Amino acid sequence: MSMQDPPSGVALWRQVADGIERGIADGRFAAGEKLPGETEIAGIYRVNRHTVRRALATLAERGLVRAERGSGTYVEAPRLAYPLRSRTRFSEIVGAGGHEPRGRMISASEEPASRELARQLGLKTGAALIRIETLRFADRTPICIGTNWLSAERFADVGRVYERMRSMTKVLAHYGIRDYRRLSTRVRAAIVDATDAARLDLALGRPVLVVDTVDVDAGGKPLLTGHSRFAAERIEFVVENS
């Protein structure tokens, strides 16, 4: 009896993959849960470990599970659809997806503007900036780490304001800015570093999506520039033409 021609007419690795997929669909394997080991799965289905590996690889390609080296295989949570538009608001996006948006400030500090940051913000090189590091959640799941820079002169004490309000939209409203828009968005892939991995609860070596942005007010004057790192396995960007 060959693996390609089992009695049921379905390849053994496909039977294993289908069985695990049914377990995910009916809730026996919850999002984020670690699957049984290869040896245990092989015993359940009475197949060899090579067959199990092929089944798991197929499920990984479809985004249903993920393998973490030295740890095991885990059920993937459904990705949060994250639109990229001219008015991108984290809280609104997460809330629209049926989740509770949360934010926490990691740190706030003052630093001089580099040449690039000064160019993006329309300031002189060396101008005082406030750098704010934040961690954003959907329910209790960490989604992204954001680094934002704002003019220290225009947004005095912005670190304390953010710590209290935990929303950049609310912070800008505090300073009288009721509307703002995204001037530019640049996205690239990277591998998470040790610091971000710990904060995002990711294994080392996992991918992140790095998003660099500039936001401006209604008159087109730069307000802030951002450098965010999103857990790639928890979101999917949706580009909206509007």
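This is a predicted model: local features need pLDDT of at least 70, side-chain atom pairs count only at pLDDT 80 or more; totals for chains, interfaces and linings use all residues.
Tutor: Residues are numbered from 1 along each chain as its sequence is written, and side-chain values use heavy atoms, with hydrogens and water left out.

Student: Why is Glu-68 called buried?

Tutor: Buried means under 20% relative accessible area, exposed over 50% and partly exposed in between, with a 1.4 Å probe and protein chains only; Glu-68 has 15% relative accessibility and therefore counts as buried.

Student: Why is the pair of Tyr-82 and Phe-90 called tilted?

Tutor: Rings of Phe, Tyr and Trp (its six-membered ring) pair if their centres lie within 6.5 Å, and planes under 30 degrees apart count as stacked, over 60 as edge-to-face and the rest as tilted. The centres of Tyr-82 and Phe-90 are 6.3 Å apart and their planes stand at 45 degrees, so the pair is tilted.

Student: What makes the pair of Phe-230 and Phe-237 edge-to-face?

Tutor: The planes of Phe-230 and Phe-237 are 80 degrees apart, with 5.3 Å centre to centre, and the pair is edge-to-face. Tyr-82, Phe-90, Phe-230 and Phe-237 form one aromatic cluster.

Student: What places the charged end of Arg-89 over the ring of Tyr-180?

Tutor: A charge sits over a ring if NZ of Lys or CZ of Arg is within 6 Å of the ring centre and within 35 degrees of the ring normal; the charged end of Arg-89 sits over the ring of Tyr-180, 3.7 Å from its centre.
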